[in-house]
Amino acid sequence: MLKLFLKIGAYIILILLVLEVLIRIFHLAKDTPQRFIDKAKVEKWVPNQKGISVTGNRKQNHAHYRINNMGFNSFQEFEPTKAQFELALVGDSFIQGFHQDYNNSIGKKIENEIPNIKVYEYAYAGYDFADQLHLIHVYKKDFDLIDQVVIYIDFNTDLFRNEYAVIQDRVALQSPLNNLLKKCKLLVYAKSIGLLDPPKKLLIKLLNRFSEKQTLTSEKNTKKIDKTSLYINNFKKLVQLYGFDKQRFSLLLNTNTTPKPFLNYLTNNHYEVIDFYQSFKKASTPTYLIYDQHWNNYGRTLIAKQISNSIVP
């Protein structure tokens, strides 16, 4: 019996090793760049990294990224000057563009549309409006040299807080244990295709049951919150804390998914808005990836054209 178990164990180890080798040969798992917090408490990628971002269980999306010396995914370095007309795109994963080769990014598409312009993409997956305004505030010396700044904002996900603070959950992803686990490409691949979701959900369910009695009373007393009013107030507080130059800054958003009270507030207070809803609505082909909620190449081209139309060099 012991011999049988040893044979089964050996076969399992051999199968896992073969799967690990195959995943590495065919590059089915994504290369996740290292992240860090700089001296200004800005979370970004460790500079000068290159790799391939893979999405989907059959390598459905395969894109090269390049982290520049500022810690952002870009085809160029950020060197703002007074002489050159420059545009900064500030945003989250939609602007960061790990779903597309870095040399075919939104910034590159804008440069192709408008000659003699430089576009810098200050974007990082997970950034919300607090992250974005904090970044502009602490990098004020650079942003003062940039002629125009476009900030991508999604009302429903980017305004849940009214002050910047480092998000510890994201920082935890850079722990020594996490870095060690990421060296196993089989594990990275299994996680990316959702193979580890069932046991993870089961564990969370068990933990929730354990603490259910403690949280039951507090849940009953929780009052319904008007998220629209709360998020608008968070927007006001963030602008008050970190500033917003209405002469140079504009907000890129989808008016179809943005509540009217917020749109009315922006209009009444003279915020410049770049709306991409109509261009997406009139699009002849899908603008989002089939297996992901991010913009595909066509969608990113439309975004680039929408921004280009608002630029006056």
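In which helix does F280 lie?

1. F280 lies in helix α14, which spans residues 277-281, and the note starts from there, with the reminder that this is a predicted model. The residue is buried, with a relative accessible area of 11%. Once its neighbours within four places in sequence are set aside, F280 is in contact with T287, Y288, W295, G299, L302 and I303. For I303, which is 23 residues away from F280 along the chain, the separation of the two C-alpha atoms is 8.7 Å.

2. Helix α3 covers residues 106-113, and its buried residues are I106, G107, K109, I110 and E111. These buried residues pack against four elements of the fold, namely β5 (86-91), α2 (93-96), β6 (118-123) and α15 (297-310). As for the spacing of positions within a helix, an α-helix has 3.6 residues a turn, so residues three or four places apart point the same way.

3. The next helix to consider is α12, taken with α13. Helix α12 (residues 227-242) packs with helix α13 (residues 260-268) at an angle of about 30°, and their axes are 9 Å apart. Because angles under 35 degrees count as roughly parallel, that angle makes α12 roughly parallel to α13. The crossing in which α12 passes α13 is right-handed. On the α12 side the residues that meet α13 are T228, I232, F235 and K236, while α13 contributes P261, F262, Y265 and L266. By class, this contact of α12 with α13 has six nonpolar residues, one polar residue and one charged residue.

4. Aromatic pairs number 26 in the structure. In one of them, the rings of F235 and F262 have centres 5.1 Å apart and planes at 80°, so the pair is edge-to-face.

5. With F235 in helix α12 and Y265 in helix α13, the pair ties together parts that are 30 residues apart in sequence. The relative accessible area of F235 is 0%, and the residue is buried. Y265 has a relative accessible area of 19%, and because buried means under 20%, Y265 is buried as well. Ring pairs link both residues into a cluster made up of F129, F155, Y231, F235, F244, F249, F262, Y265 and Y271.

6. Helix α12 also packs with helix α4 (residues 129-138), here at an angle of about 10° and with the axes 10 Å apart. The two helices α4 and α12 are therefore roughly parallel to each other. The contact is made by F129, A130, L133, H134 and H137 of α4 together with F235, L238, V239 and Y242 of α12. Divided by class, the residues of the contact of α4 with α12 are seven nonpolar, two polar and no charged.

Terms used
Residues numbered from 1 in each chain as written. Predicted model: local features only at pLDDT ≥ 70, side-chain atom pairs only at ≥ 80, totals over all residues. Heavy atoms only, no water. Axes fitted to C-alpha atoms, helices over the stretch in contact; angles between N-to-C directions. Parallel < 35°, antiparallel > 145°, perpendicular 65-115°, else oblique. Left-handed = near helix turned anticlockwise from the far one by under 90°. Contact = heavy atoms within 4.5 Å. Nonpolar A, V, L, I, M, F, W, Y, C, P; charged D, E, K, R; others polar. Phe/Tyr/Trp six-rings, centres within 6.5 Å; stacked < 30°, edge-to-face > 60°. Buried < 20%, exposed > 50% of the residue type's maximum accessible area, 1.4 Å probe, protein only.
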